Amino acid sequence: MIEPSSRGVGPAAPPAPPRPQINWGAVVGFGALGLLWPLLRLLGLEAAIGGLTTALVAFLTVSTVWVLGAGLGRVPRPVATLTLSGLLFGALLVATSMMLGEWPDYGVVATTVAAVVELGRSAGFGALTGLAAEAIQKGRRR
């Protein structure tokens, strides 16, 4: 019987180290920030400072917390973690908007499409912030 190393292939490569697991606590924690915007609305901040300003405050707060939290907090697999956080964030935005009666009723098909678009947008936002967090992590390792 011929051994694999005698075929001229060389010794088998050592197995790759396992990838770190996703930190689901971080996913839930970061994703829960999807409740910030509805909370600002319920507190009357949107009426007091305006819709655009409230949206910017919520967006900048979430972006900063995600990038710095995952980047400086050494969260494993920041791109995957924040992409999943973005999905949860989007789901919370859709659900709270529907519960608060702020989600327009376009019918089942259009509402479903709008919800899927929101989930995709939020996941994309999570992926972009994950890339920024990963850059921070790589910069700190140097």
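**First stop: helix H1**

Select helix H1 and colour its residues by burial: Ala-26, Val-27, Phe-30 and Gly-31 are buried. Buried here means under 20% relative accessible area, exposed means over 50%, and partly exposed lies in between, with a 1.4 Å probe and protein chains only. Helices such as this one are DSSP runs (H or I, at least four residues), as strands are (E, at least two), and they are numbered from the N terminus. The model is predicted, so local features need pLDDT of at least 70 and side-chain atom pairs count only at pLDDT 80 or more, whereas totals for chains, interfaces and linings use all residues. Residues are numbered from 1 along each chain as its sequence is written, and side-chain values use heavy atoms, with hydrogens and water left out.

Turn the view to look down the axis of H1. The buried residues of H1 fall within an arc of 120 degrees, so they line one face of the helix; the arc is that of the directions from the helix axis to the C-beta atoms. Trp-24 and Gly-25, on the other side of H1, are exposed. The cover over the buried residues of H1 includes H4 and H5.

Next, select Asn-23. This residue caps the N-terminal end of H1, with a side-chain oxygen 3.1 Å from the backbone nitrogen of Gly-25.

Select residues 51-72, which form helix H4. Its 22 residues reach 31 Å from the first C-alpha to the last, close to the 32 Å expected at 1.5 Å a residue. The expected span is 1.5 Å times one less than the number of residues.

Within H4, highlight the buried residues: Thr-54, Ala-55, Ala-58, Val-62, Ser-63, Trp-66, Val-67, Ala-70 and Gly-71. Their packing partners are helix H1 (24-31), helix H2 (36-42), helix H3 (45-49), helix H5 (78-99) and helix H6 (108-141).

Move on to Arg-74, which is found in the loop between H4 and H5. Most residues other than glycine have a negative phi. Arg-74 has a positive phi of about 55 degrees although it is not a glycine, and this residue is exposed, with a relative accessible area of 62%.

Then select Arg-77, placed in the loop between H4 and H5. Its phi is positive, near 50 degrees, in a residue other than glycine. With 28% relative accessibility, Arg-77 counts as partly exposed.

How many salt bridges does the structure hold? There are three, a salt bridge being a side-chain nitrogen of Lys or Arg within 4 Å of a carboxyl oxygen of Asp or Glu.

Begin with Glu-118 and Arg-121, whose side chains meet in a salt bridge (2.5 Å, N to O). These two residues are three residues apart in helix H6 and are separated by about one helical turn. Glu-118 is buried, with a relative accessible area of 15%, whereas Arg-121 is partly exposed at 43%.

Elsewhere, salt bridges that share partners join Arg-41, Glu-46 and Glu-102 into one network. Select Arg-41 and Glu-46: their closest N and O atoms are 3.3 Å apart. Arg-41 is partly exposed at 24% relative accessibility, and Glu-46 is partly exposed with a relative accessible area of 24%.

Glu-102 lies in the loop between H5 and H6 and Arg-41 in helix H2, so the pair ties together parts that are 61 residues apart in sequence. Glu-102 is partly exposed, with a relative accessible area of 38%.

Methods:
Contact = heavy atoms within 4.5 Å. Polar contact = N/O pair within 3.5 Å; in protein donor to acceptor, adjacent residues only side chain to side chain.
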